[in-house]
Amino acid sequence: MLKKLTITFALFSLLILSGCSSIAKYGNEEPAAIVNGEVITVYDLRLLFPDEKALSYLDGAIQMELAKQEVEKMGLDISKHLEEEEDWFSILPPEDADDENTKQIRDFAKSQAKKLNMTPEEFQRAYAKKLNEQNAYLLTYLEKKLGPYEYDSETGTADYNEKANRLLEELAEQHKDEIEVLIN
């Protein structure tokens with residue numbers, strides 16, 4: 001799972017397009033974008049990203065939604081990439097943890113939970129579940145289009161990520177008439 005998560009984080013980080021506005025002024029249920037009739041809400045963005053960075057990830061969220069829709073349209077099974085059991089990532093790190101990454105995870109959970117009317121523990125479970133689902137859809141889509149990912153080398157990883165990013169950009173371009181961005 002950790003390799004899958006690392007790969008997906010690397011891929012998702014390639015999706016980032018610049019933007020510096022905040023979603024702080026928007027309510028959770030407000031639509032951020034509509035993709036082929038499916039709404040991406042401010043809640044969806046807040047679940048994954050801090051307010052001050054969420055808009056810079058909107059294009060990536062749109063590409064992720066398009067990949068999900070393609071997987072569903074093709075009738076592909078995502079279960080081999082879906083973690084069935086609750087894993088370590090869905091559990092909020094302890095308050096007394098002293099390493100910086102753990103503190104950042106906890107601070108992010110506390111901050112976003114407040115905005116989403118959740119406890120930090122509820123937020124962490126929802127966050128992990130959403131990432132798990134997105135990973136499964138993305139990896140299923142990429143495997144169908146590019147073949148299985150080979151964990152062979154740094155060069156191979158960079159090459160695969162570049163192809164994946166290009167594929168997702170092309171997917172967005174093909175569907176640009178079915179995408180409506182509502183906030184900026």
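A salt bridge here is a side-chain nitrogen of Lys or Arg within 4 Å of a carboxyl oxygen of Asp or Glu. The model you have open is predicted, so local features need pLDDT of at least 70 and side-chain atom pairs count only at pLDDT 80 or more, whereas totals for chains, interfaces and linings use all residues. Residues are numbered from 1 along each chain as its sequence is written, and side-chain values use heavy atoms, with hydrogens and water left out.

Searching the whole structure gives 10 salt bridges, and the tour visits some of them.

Select Glu 95 and Lys 110, whose side chains meet in a salt bridge at 3.1 Å, N to O. Glu 95 lies in the loop between H4 and H5 and Lys 110 in helix H5, so this pair ties together parts that are 15 residues apart in sequence; helices are DSSP runs of H or I with at least four residues, numbered from the N terminus. Glu 95 is exposed, with a relative accessible area of 54%, while Lys 110 is partly exposed at 36% (buried means under 20% relative accessible area, exposed over 50%, partly exposed in between, with a 1.4 Å probe and protein chains only).

Next, select Lys 80 and Glu 143, which form a salt bridge with their closest N and O atoms 3.0 Å apart. Because Lys 80 lies in the loop between helix H4 (58-74) and helix H5 (100-115) and Glu 143 in helix H6 (residues 120-146), the pair ties together parts that are 63 residues apart in sequence.

Finally, select Asp 51 and Arg 46, a salt bridge with the closest N and O atoms 2.9 Å apart, in which both residues are buried.

Technical notes. Helices (H or I, at least four residues) and strands (E, at least two) are DSSP runs, numbered from the N terminus.
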